[in-house]
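This briefing covers one chain, from its overall build down to single residues. Please read it beside the sequence and the structure.

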Amino acid sequence: MKIFFRLTALVKPYFWWMALAALIGFATTGSGIGLLMTSAYILAKAASQPTMAALELSIAGVRLFGLARGVLRYAERLISHNITFKILTKLRLWFYDAIEPLAPARLMHFKSGDLLQRIVDDIQSLENIYTRVLAPPLTAILVAALMWFLLGVYSIQAALLILLFHLLAGIGVPLFSAWLSRGVQIGIMKHKTVQQVLALDLFQGIGELQVYGKLPEHLEQLHSAEKSKLELQRKNALIEGMHDSLTGLLMNAAVISILWALIPAVSTGGISGISLAVITLAVIASFEPFLPLPATVKHLEADKHAGERLFEILDAKPETEAPATPLPFPSNHDISVDRLSFSYPESMTKTLDSISFSIHTGQHIAIVGPSGAGKSTLTALFMRFWNCSEGEISVGGYNISLLDPEVLRRNMSLVSQRTYLFAETIRENLILAKPGASDDELKTALSAAGLPHFTSKLDEWTGQHGMKLSGGERQRIAIARILLQNAPIIILDEATANLDGLTEKEVTETLKAITSGKTLITITHRLKAMEQYDKILVLDKGAITEEGKHHELMEKDGLYKRMWSLQHEVSATLI
Amino acid sequence: MNIDRRLFQLLKEERAPFIFSLISGVIASGLLIAQAFYLSRVIDSAFIQKTGLEKLLPLLGFFALFSLLRMVFNWASNSEANRGTIAIREKIFIRLIERVGSLGPIYTRSVQSGRLSTTLLKGVEALDAYYSQYIPQIFFALFTPLLIVCTIFPADPVSGWILLASAPLIPFFMVVIGKSASAMTEKQWKTMSRMSGFFLDVLQGLPTLKLFAQSRSQRDTIEKTGETFRHATMRVLKIAFLSSLTLELVGTIGIAIIAVGIGMRMMDGKLTFQHALFVLLLTPDFYLPLRQLGTKFHAGMEGVSASKEIFAILDRSTPAGGDTTGFLKQDSAGTCPIVCSNLSYTYPGATLQAINGITFIIPESKTTAIIGPSGSGKSTMINLLLRFLEPGAGSITINNCPIHDIPLEKWHRQISWVPQHPYLFNASLKENILLARPNASEEEMNAALTKTGLASFVTSLPDGLNTMIGEQGSRLSGGEAQRVALARAFLKNAPLLILDEPTSHTDPELEAALRNSMEELMEGRTTIIIAHRLETIRSADQIVVLSHGKITQCGTHDELFTAGGFYRDALLLQQESSL
């Protein structure tokens with residue numbers, strides 16, 4: 001129930017719109033009832049051959065109700081759908097606002113296929129919270145009240161009877177059908193989630209599936225998930241069909257009971273025959289708003305589940321938060337890392353263990369070490385994707401947690417091993433780094449990054465995850481991005497590891513040219529041209545084991561020398 | 001109306017349930033008329049003839065019985081239509097996934113996964129309303145009003161004529177308004193499917209957005225997309241609802257005209273109360289199926305729109321898998337050389353050939369390295385060998401049999417493949433490795449782990465081999481993912497080995513340690529390897545140098561080094577930068 005209230009709180013801004021839509025909805029059904037009642041009145045009255053004048057009012061009434069019903073329904077539908085889409089956009093923004101601070105630290109264990117499912121499906125199912133969950137009971141209650149009042153004028157007995165059948169149709173049938181279909185909606189959603197993950201595995205891992213002969217098996221899994229889903233959807237459809245029939249049956253039962261109750265009174269003259277006809281038609285018309293009620297219960301169940309899943313993600317506390325009054329980014333870019341330790345949640349070992357070092361403005365340093373030494377974790381800490389467990393990182397003497405993370409990131413460029421490209425145009429992918437950049441700026445950056453042939457392709461689509469581009473081209477896009485960003489501090493995290501020798505050399509040279517005069521942190525396990533660095537830090541198992549310039553480290557008989565020799569021996573044997 | 005011919009074709013495959021559904025519906029319509037007749041009798045007797053309740057009990061009993069039966073038949077009609085629909089949906093789903101499966105990785109890489117999954121999961125579901133509601137409703141919208149009008153005629157011909165005259169207005173308006181709504185629904189479907197792709201992209205790229213401090217401004221884009229969607233949908237709905245408004249008005253005004261008309265005729269004594277009430281009771285039910293057709297038509301159109309994307313996938317031609325058995329008698333690709341002759345490939349829409357008429361032999365049981373600058377056609381060559389692509393011209397043959405004539409699974413069974421970016425499935429690490437050979441023994445598994453240097457990594461994982469590795473192996477580094485792929489290759493033990501930068505994410509220490517196991521893996525197998533780091537390919541029996549889709553050089557390390565050219569340059573470059 002708590003979840004339901006949290007959800008309704010989200011749609012509260014549209015309260016008055018919803019109230020209006022509900023009122024119009026009620027008026028629509030009311031017109032329908034009125035139309036049949038006045039029609040029946042005309043017939044019944046005509047049977048006694050009255051004067052024409054006696055019928056004039058009801059004839060006008062019939063026409064009015066007939067027109068009103070159509071027009072009101074149109075208005076109600078437009079308003080309620082507009083509300084729905086407003087709610088949808090609001091939900092999406094709300095979700096994004098909540099998820100944005102959580103990325104990437106808190107989202108590590110969510111699979112993005114599942115996330116997509118959550119966003120699109122759960123939100124799409126919540127968008128209907130007004131039309132499917134809130135509006136139908138409201139209309140039904142109003143119509144039931146109206147009927148109670150109308151019948152009460154003729155006969156208290158009839159009013160009590162209609163109340164009984166309305167209660168059965170409004171509460172009994174929905175509860176019964178909810179009981180029958182318990183778990184069905186959740187089951188369908190679960191199968192859909194499974195399917196989404198399987199489908200993503202199919203689309204992105206199809207090469208592996210083919211080569212390992214696992215494609216038929218994988219397709220079979222997808223098929224069986226579909227089958228289970230279809231079975232549940234069939235069950236659902238059967239129950240839905242049944243509750244429609246049950247509501248219809250209750251309507252007929254109400255007609256029979258009320259006739260039963262009123263006919264004796266008609267023969268004794270307690271009630272006029274005209275009223276009998278009018279009441280019967282009113283009873284028939286009054287059941288219309290009860291038809292969607294069982295679906296309401298089902299949607300409520302689905303929405304609750306969807307809400308639970310969304311809140312489960314969103315209730316996580318962000319790893320890093322912007323300080324309330326962030327300090328301005330310092331003009332001095334000296335970086336100092338002081339007794340920094342870090343361990344990932346639920347991990348027993350420290351990924352970084354009390355490391356300290358400092359970098360002066362404009363210095364170029366390299367952090368080297370075998371994979372798993374904690375090099376990339378350091379990058380994530382610099383970028384404030386995570387918070388330091390102990391110790392601190394400071395820039396220009398300010399602890400980076402006191403800066404606005406956005407400002408910090410704008411002043412630090414990162415090129416990592418795999419550059420994420422959005423399935424957008426080249427332009428969109430570049431302009432990210434400098435919103436509002438002119439085409440000329442983009443072209444200059446592309447040329448400088450070694451992609452002069454891309455300058456005419458700004459509007460070309462990069463394909464799924466930039467798959468249409470080669471590895472070298474992707475890294476060059478990343479370089480063009482940092483050129484546009486023009487930050488004083490640059491971190492290269494294995495930026496050229498995926499490139500072939502020649503491309504690597506070219507890219508390295510481009511990088512060298514654009515990083516001169518800036519503070520540079522290179523993270524690498526490939527020891528090439530190490531003499532250029534002002535300082536080399538050797539990171540092993542989370543701790544700095546050696547520190548110094550290339551020649552100093554070569555004089556020691558440590559890990560650095562071992563790594564260097566190994567890499568260069570191999571190369572030396574080639575010739 | 002909007003019965004897409006191909007959708008109708010599918011309907012024919014599941015004829016029986018739909019026929020049952022229609023029959024049940026027809027019976028239900030008959031019962032509806034009987035109900036109206038008895039109800040009008042009851043009220044007429046009570047009102048006009050002042051009959052007592054006891055004498056009316058049989059009539060009320062009939063009314064009750066018919067209403068019960070009608071509900072049963074209605075339910076049966078829905079149920080049968082649903083049964084047929086479910087069968088059709090399952091069929092389409094199977095056809096779709098099989099088609100995507102045979103289209104292969106080159107196709108799936110060229111489209112957004114989000115869009116594909118929208119088509120696969122939502123698109124097929126959107127067909128539900130088309131088959132289970134729209135199609136049966138077309139029949140009922142014709143049949144039920146006709147049946148009602150036939151029974152009204154003997155009671156009151158004038159009302160019958162009014163109904164007959166007003167009925168065609170409904171389909172008329174529906175067609176007029178429906179046409180423009182149809183185009184709009186289609187557009188809206190596209191917006192929705194684009195939006196779903198857009199969201200996945202934004203989510204996956206959220207870290208990148210954060211790096212550029214753009215994640216908060218992305219909010220505006222989402223808002224804009226949402227608003228675009230809202231406007232698009234509202235435009236559709238304004239028209240779609242306009243059609244239902246017209247239909248509703250035809251219905252309600254029809255009722256009003258009939259009610260006033262029969263009232264007048266009763267005053268003139270031309271009509272009895274019972275007949276008049278019978279007509280009035282049936283009039284709403286005359287218009288109801290026609291009106292419902294309006295709403296169901298709208299729901300059905302969504303299915304028609306979705307089906308366009310579905311058929312677009314189904315219509316893509318897939319490489320015809322041959323069934324040549326000549327090659328299979330030996331069932332080992334490792335003992336024959338692979339011959340590429342005049343092989344060419346051009347990507348669709350590209351002007352330059354990615355592979356341009358190359359001819360060379362990949363000797364059996366030996367190692368062939370392919371090198372060249374990026375964009376030279378190395379990956380295309382691998383994709384052709386893996387049969388992810390069909391050659392545009394020329395052929396790849398083994399044992400005189402074009403590999404593209406061999407059934408795909410049989411060809412793939414011969415191959416172990418270590419891609420540059422191995423895909424890790426959303427499953428445990430163990431399942432990811434066992435993909436290559438599900439029945440591998442524990443010793444074989446351990447051997448593969450040791451040889452790929454994964455053994456110590458596994459022990460560092462919280463649940464060891466049973467650790468779930470997420471989307472794109474988000475918990476595994478690139479090097480670790482490649483080693484998983486290597487472990488797969490060890491387990492698969494296939495005669496052909498295709499290595500696409502197998503150690504590009506591995507550090508030199510580990511690479512050196514892996515070299516022995518890699519050599520063991522390559523021993524006695526026909527190996528094709530792409531490597532940027534030339535250490536890896538020094539010992540290759542043959543080195544093929546590609547440039548702009550052509551072979552510029554081919555030979556051993558010594559030959560190429562002496563001859564000079566790309567290989568020597570690249571090697572010297574590497575030397576120079578490391579010394």
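Chain B has 18 helices and 12 strands, where helices (H or I, at least four residues) and strands (E, at least two) are DSSP runs numbered from the N terminus. The radius of gyration of chain B is 35 Å, well over the 25 Å that the globule rule gives for 579 residues, so chain B is more spread out than a compact globule. This radius is taken over C-alpha atoms, and the globule rule is 2.2 Å times the number of residues to the power 0.38. The model is predicted: local features need pLDDT of at least 70 and side-chain atom pairs count only at pLDDT 80 or more, while totals for chains, interfaces and linings use all residues. Residues are numbered from 1 along each chain as its sequence is written, chains are lettered from A and ligands numbered from 1 in the order in which they are written, and side-chain values use heavy atoms, with hydrogens and water left out.

**Overall build of chain B**

- The C-alpha trace of chain B spans about 115 × 50 × 50 Å along its principal axes.
- Of the 579 residues in chain B, 59% are buried; buried means under 20% relative accessible area, exposed over 50%, and partly exposed in between (1.4 Å probe, protein chains only).
- Contact means heavy atoms within 4.5 Å. Among contacts in chain B between residues at least 6 apart in sequence, 77% join residues at least 24 apart.

**Surface and charge**

- Chain B has an accessible surface of about 22100 Å², and carbon and sulfur atoms account for 58% of this area (Shrake-Rupley method, 1.4 Å probe; for residues, only the protein chains shown count as cover).
- There are 52 positive and 49 negative side chains in chain B, and the centres of the two sets lie 9 Å apart. Lys and Arg count as positive and Asp and Glu as negative, with His and the chain ends not counted; the place of a charge is NZ of Lys, CZ of Arg, CG of Asp or CD of Glu.

**Aromatic pairs**

- Over all chains, the whole structure holds 25 aromatic pairs. Rings of Phe, Tyr and Trp (its six-membered ring) pair if their centres lie within 6.5 Å; planes under 30 degrees apart count as stacked, over 60 as edge-to-face and the rest as tilted.
- The B:F62 and B:F66 rings are stacked, because their centres are 6.1 Å apart and their planes stand at 20°.
- Both B:F62 and B:F66 belong to helix 3 (residues 53–110) of chain B, 4 residues apart, about one turn of the helix.
- B:F62 is partly exposed at 38% relative accessibility, whereas B:F66 is buried at 17%.
- B:F153 and B:W161 form an edge-to-face pair, because their ring centres are 5.0 Å apart and their planes stand at 85°.
- B:F153 is partly exposed at 24%, and B:W161 is exposed at 55%.
- A cluster linked by ring pairs takes in B:F37, B:Y38, B:F62, B:F66 and B:F278.

**Around B:L164**

- B:L164 sits in helix 5 (residues 157–166) of chain B and is partly exposed at 33% relative accessibility.
- Leaving aside neighbours within four places in sequence, B:L164 is in contact with B:V149 and B:F153.
- B:L164 and B:P145 are 19 residues apart along the chain, with their C-alpha atoms separated by 8.8 Å.

**Around B:T536**

- The loop between strand 10 (526–530) and strand 11 (542–547) of chain B contains B:T536, which is buried at 12% relative accessibility.
- Leaving aside neighbours within four places in sequence, B:T536 is in contact with B:E511, B:M518, B:I529 and B:A531.
- B:T503 lies 33 residues from B:T536 in sequence and 8.8 Å away in space, C-alpha to C-alpha.
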